[in-house]
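Biologist: Please show me the model. I want to know what lies behind the words you use for it.

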Amino acid sequence: MLISTILSEEKPALVAIPVTIAAFAIAPSTLPESIGISLITVLMYTILALSWTMFSGPTGYISLATAGLFGVGVYTTAFLRDSLPLEAVVLLGGAAAFVVALTIGLLTLRIKGVYFILFTFGVAALMRTSVQWWETHINGTVGRHVTAATNETVYLLLLIIFAATLVAAFLLRHASPGLALLGIGENEDAAEHVGVNVTRLKVLTFAASSVLMGMTGAVMATRFRYIDPSIAFNPLISFLPVLMAILGGVSKLYGPMIGAAILVALQEFLITEYPYVYLLIFGLTLVVVVLWLPGGLVELAQKGYFRLKIQWIKLRMRLTRFRRTRQAKRR
Amino acid sequence: MRMLEVRGVSHRFGGLIAVDDASFEVGQGEIVGLIGPNGAGKTTLFNLISGALRVQDGSIRFKEEDITELRPDQISRRGLARTFQTSKLFDGMTVFDNVRLALIYGNPERRFKYEEAEREVNQLIATMGILSDRNKPVRELPLASRRYLEIARALATDAEMLLLDEAMAGLTTAELQQVMQRITQLRDRGVTILIIEHVMEAILGVCDRIIVFHFGQKIAEGVPADIAADPTVRSVYLGDDT
Amino acid sequence: MIESAIDIVITGLILGGLYALIAVGLSLQYGVGRVLNVSHGEFIILAALTTYSLYTVTGIHPLVAIAFIAPALFVVGFVLDRTIFNDLRRTSVNEDHFEGRSLLVSFGLLFVIQNLMLMSWGAGLRGYSVLNTPVEILGNRYGLNRVIALVVAVTASVGFYLFIRHTRVGKAIRAAAERPDVAEALGVNRKRVLAICFGLGAGLAGLAGVLHSMMFDIQASRGIELTVIAIVVVVVGGLGSITGSLFGGFLLGLVIAVVNFIDPSLSLVAFYLIFILVLLVRPAGIFGRQIHAD
């Protein structure tokens, strides 16, 4: 039943999703190596932006805890990399993030709006500073070395996580919980009064999306090779996905993906030479998008599509009239 | 059967007593009106019944079951639904989706799946006369349609009892007549209704019984004719001292 | 032992004076304008770095620099509100929507200001010393600069409090905050009041920045910690409550002085821990409005 609805409503998405995954799969072998390496970053942020959107998109609860959940995954790998196969470590990273997210969720049951945003920001910052203190004072050193994995392995693992994220996000949107999450975002009281167990849905969705963030962190640790709290819990990892999702537009799945692509591309150009310029542009983009493009690029695209459609209709009308006058003249 | 039993319910906000030892019943199939000046505690009472506010004192029973400690979503699934004084519709969603969400989540037994709901939803929307609007986003709807949608959404949870909070405010006389008609139709189909209202002609026209509140206390209860004549009620409303 | 206790208290008061000042500015921006300005700390650092440059390059004394810097930042804040936040107010569906969006915008501003500072001053520590002569108070020695900074901070905070309570402009501000519709009906130009409040908040940040530069070394990237302090104080003392910010500032100053006494490196952890605890426990703060169950 679900399949039949999806088949009838969402043909474009059904094609686009496998195509996107396939495109990412073959990209590294067809593009020059330097871009191939950047694709790792693209995948990482695409996953983060998409998984962030799963919860924060429909509900409007803007979470800045992404860095914390990512960092949990990073440290899981840092501890277990040499004891377990990498796949197991990645899964455990996801599980650890799940537990942390569950805790955050249960703590923030009554916290909404700006308080929620601030709280999630504070949690990630607390995690960073606590781990920093612990590592410095109890362990003596602030950083850790992580056994590397080949770029191919990293890419493959990220690709799998990406595919899972894309499919999960799609299914969520087209099932009851997705509608309920939208309801929560529109009016939480009303949603509760029509039978939605708001608490359970919020916490579970938040925790589920965090699994993907944790797994991503676990994989990326092998890419970073050296990690410390300011790398693992880097606040940018919380902020960038938010801007990517908002810039791209949260109403469609491809929105965060486009946002991620743009900002990572920008980052790759600027980060080595002009890191401050990059962040400056980031800040400006955030201001501009929130002010003038609340629906993101998706909204622009839809309006653009609309205008194109109208032009097309006008054109066809003119053609028809032209043909008719010619036919009339002949007779 | 007594659909709703409110016993000794009180609620205070800090130092302010909003509801003071309220007790009343609503029988199955009745349309009962709840009236009183602004600030009399009527909406607070609704909030207590629907689970939006925690009950501090007293108990509330619905269909013979104690619902005092239950959450709003639990209460809604048991067949007690409400509308809100300030519209709490899902503004960014379509009319259809507003009802569909309620249908899916408010029906524990029928278990509507996401894709099965279409016929039921259309039926509910049609009952309230807004079928032609079903794909419009709610924010484009005129006031009367919004009211109807609120009711349709509440009904979608398979409600056996409906709490209507000032459904008539701001409506024209014609619209008022229509809403009153629909409410009577609902009762004829078996829905019990408790309605907070300020529009007197609506209350007197449609209710079997009226309960009057003032400063959080029940001060009168009876059939419309008696209430209209009751001196306490008159003095509260009209400042009558005769 | 007693000396340590006194030292903690006085250090706490010195810190607290600064914190109170920082918090009052933010409280004004949020209490009236409903903008939780997370770039507040950046304004402070900007003022601090400007003071540093003015002093090291032209020799202008920090206390004199206040006369330029605070008004300049007032203007910046005024313009920002009149343009950006006013626009947001106009296009937001409701207050919550506005608060969320303005928070995001102020994060954007944070990145903009911070990186402009990093591009101009670099990432390293900057400091200067002025009025460093030691002063003895109750058996402990403190730099005169810190004592003066404390005095200025307290004077400014109290003065501001009196301004809000007793002057016409102050009353207009309070009216605009509590009952904007009534205020507007009475002829208060709401948009201007909002912009003035935001500007005042920025101006107070400027003052705080100058004082900060007199007491501590400055780093372009450390603004966020000041913002966190401000938010903690404002949330503890009650969002929008000036009195609360004043008391909360001194309270937090004492707490941090104690933490510093135990283990200075814990202070960051302590900040964030207190931050989330406060958000968990009393979002409305001690003095502020209760959130109604509605």
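The questions below take up some of those words in turn.

Modeller: This is a predicted model, in which local features need pLDDT of at least 70, side-chain atom pairs count only at pLDDT 80 or more, and totals for chains, interfaces and linings use all residues. Residues are numbered from 1 along each chain as its sequence is written, while chains are lettered from A and ligands numbered from 1 in the order in which they are written.

Biologist: What is the mean pLDDT of chain B?

Modeller: pLDDT is the predictor's confidence in each residue, from 0 to 100. Chain B has a mean of 88, and 97% of its residues reach 70 or more. Among its elements, helix α9 (residues 231-238) of chain B has the lowest mean, 76. Strand β6 (residues 80-82) of chain B has the highest, 95.

Biologist: What makes a run of residues a helix or a strand?

Modeller: Both are DSSP runs, numbered from the N terminus: helices are H or I with at least four residues, strands are E with at least two. Chain A has 15 helices and two strands.

Biologist: Where does α2(A) bend?

Modeller: At Phe24(A), by about 25°. The bend is the angle between axes fitted to the seven residues ending there and the seven starting there. A proline, Pro28(A), follows within four residues.

Biologist: Why is Ile229(C) called buried?

Modeller: A residue is buried if 20 or more other C-beta atoms lie within 10 Å of its own, exposed if 12 or fewer, and partly exposed in between; C-beta atoms are placed from the backbone. Ile229(C) has 26 other C-beta atoms within 10 Å, so it is buried. Ile229(C) is found in helix α9 (residues 223-237) of chain C.

Biologist: Which helix lies in the open, and which is enclosed?

Modeller: Of the 20 residues of α2(A), the number buried is zero, so α2(A) lies largely in the open. In helix α1 (residues 42-50) of chain B, nine of the nine residues are buried, so the rest of the structure largely encloses it. Among them are Lys42(B), Phe46(B) and Ser50(B). Just after α1(B), Gly51(B) takes a positive phi of about 95°.

Biologist: What makes a nonpolar core?

Modeller: It is a set of buried Ala, Val, Leu, Ile, Met, Phe, Trp, Tyr and Cys residues joined through C-beta atoms within 7 Å. The largest has 197 residues, of which Ile22(C) and Val232(C) touch the most other members. Helix α8 (residues 190-215) of chain C gives this core its largest share, 16 residues.

Biologist: Which residues is Ile22(C) in contact with?

Modeller: Contact needs C-beta atoms, placed from the backbone, within 7 Å. Leaving aside neighbours within four places in sequence, Ile22(C) is in contact with Ile44(C), Ala208(C), Leu226(C), Ile229(C) and Ala230(C).

Biologist: How many residues does each side give where chain C touches chain A?

Modeller: Chain C gives 33 residues and chain A gives 27. On the side of chain C, α4(C) gives the most, with 17 residues. By class, that side has 25 nonpolar, four polar and four charged residues. Here Ala, Val, Leu, Ile, Met, Phe, Trp, Tyr, Cys and Pro count as nonpolar, Asp, Glu, Lys and Arg as charged, and the others, Gly among them, as polar.

Definitions and conventions. Contact = placed C-beta atoms within 7 Å.
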